[in-house]
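This report covers selected helices and loops of one structure. The sequence and the model come first, and the notes follow.

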Amino acid sequence: MSSVELLSADPDELELRHDELNALLEGLAKRRETEPALAAASGLVDFWMRKGHLAEGRRHLDGLLAAGDAPAAARAAGLAAAGTLAFRQGDDTAARRFYEESAEVARSADDDAVLAWALGGLSRVALRAGECARTRELALEALSLASDEASGLGARHMLAAAARCEGDYRRAEELYGETLDLSRRLGARGVEAGELLNLGFVALHLDETERAVERFRQGLELATELNDDYLTPYCLLGAGASAAIRGDHAEAARLLSAAKAAFDATGAAIDPGSAEEFDSQVARARRELGEEFDAAWAEGRRLTVAEALARTRATA
């Protein structure tokens with residue numbers, strides 16, 4: 001496999017050739033031959049996210065960007081990728097800086113695809129800040145640049161997130177449902193799993209508990225099948241909510257704790273929307289369990305992801 005082929009390989013292949021990839025990226029940065037890696041940044045950042053290598057990916061991007069002199073389009077993509085990893089780590093100040101510079105460079109290069117990526121990233125930063133209207137505004141701008149359904153999928157997701165941010169759960173359900181259908185048509189199975197989780201929490205807010213449990217179950221099954229380190233902790237969060245619906249608050253605490261441990265293991269911050277749901281579910285478990293909460297939480301913290309997933313299957 002050539003260097004170019006390796007840079008464009010899928011996440012599972014890159015995980016198998018992880019050491020080879022690291023050596024390639026370090027060599028490219030050292031030789032200041034950064035264009036191939038920065039141009040492939042979208043696929044690489046997906047790998048670093050899906051396989052739990054956020055810090056590693058950010059280190060590589062820092063090195064590649066610092067090496068300098070890449071063409072504008074490649075640099076814009078690298079900056080957007082760095083913004084994505086910084087956002088996933090909860091470093092919103094850096095994420096905003098990377099995304100804003102990416103948008104500026106992408107405009108100068110007339111690269112609408114990367115500009116849409118940067119604007120979509122800024123909409124996520126706005127969402128974490130609780131700026132619902134700004135989230136929608138940036139998502140609509142990103143959507144206006146989409147060349148097809150696939151390139152507009154992320155922006156459509158953010159429109160749903162903006163409605164959820166405003167507490168308009170019926171509208172959020174409608175919009176998440178549209179992105180779920182679109183993800184299935186496109187074969188974007190990771191997006192499908194994420195939208196099932198989001199629809200589960202929206203159903204909870206609408207007091208439709210049976211629908212919520214079913215959505216959480218579907219999302220968890222799909223994330224497990226994909227072996228996705230980014231998605232799995234979110235689906236454990238949904239499983240914890242399902243346990244609470246069943247009235248098993250000790251199990252809810254264990255699964256929520258296992259989810260938090262999985263986030264921490266990859267250095268990932270919980271995304272906006274899900275972070276508020278996590279806090280709410282933890283507060284509920286603490287309230288219901290009283291003095292027993294700490295023991296259940298400690299037990300969940302000791303579970304591996306595989307053990308936590310096995311517990312969810314046992315109660316499905």
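Asp207 is exposed, at a relative accessible area of 67%; exposed means over 50%, buried under 20% and partly exposed in between, with a 1.4 Å probe and protein chains only. Asp207 sits in the loop between helix H13 (189-205) and H14. Helices here are DSSP runs of H or I with at least four residues, numbered from the N terminus. Although Asp207 is not a glycine, its phi is positive, about 60 degrees. Most residues other than glycine have a negative phi.

Asp110 is another non-glycine residue with a positive phi, about 55 degrees. Asp110 is found in the loop between helix H8 (92-108) and helix H9 (112-128). With 68% relative accessibility, Asp110 counts as exposed.

## Basis of the model

The model is predicted: local features need pLDDT of at least 70 and side-chain atom pairs count only at pLDDT 80 or more, while totals for chains, interfaces and linings use all residues. Residues are numbered from 1 along each chain as its sequence is written, and side-chain values use heavy atoms, with hydrogens and water left out.

## Helices H14 and H15

Two packed helices are described by the angle between their axes and the distance between the axes. For H14 (residues 209-226) and H15 (residues 231-246), the axes come within 9 Å and cross at roughly 150 degrees. Axes are lines fitted to C-alpha atoms over the stretch in contact, and angles run from 0 to 180 degrees between N-to-C directions. H14 and H15 are therefore roughly antiparallel, a term for angles over 145 degrees.

Residues of H14 that meet H15 include Val213, Phe216 and Leu220; on the H15 side, Leu236, Ala239 and Ile245 are among those involved. Contact means heavy atoms within 4.5 Å. The contact residues comprise 12 nonpolar, five polar and no charged; Ala, Val, Leu, Ile, Met, Phe, Trp, Tyr, Cys and Pro count as nonpolar, Asp, Glu, Lys and Arg as charged, and the others, Gly among them, as polar.

The 17 residues of H8 should span 24 Å at 1.5 Å a residue, and its end C-alpha atoms are 24 Å apart, which agrees. The expected span is 1.5 Å times one less than the number of residues. Buried residues of H8 include Phe98, Tyr99 and Val105. The buried residues of H8 pack against helix H6 (54-67), helix H7 (72-88) and H9.

Helix H5 (residues 41-50) is mostly covered, with seven of its 10 residues buried. Among them are Trp48, Met49 and Arg50. After H5 comes Gly52, with a positive phi near 75 degrees.

Definitions and conventions
Helix = DSSP H or I, 4+ residues; strand = E, 2+ residues; numbered from the N terminus. Parallel < 35°, antiparallel > 145°, perpendicular 65-115°, else oblique.
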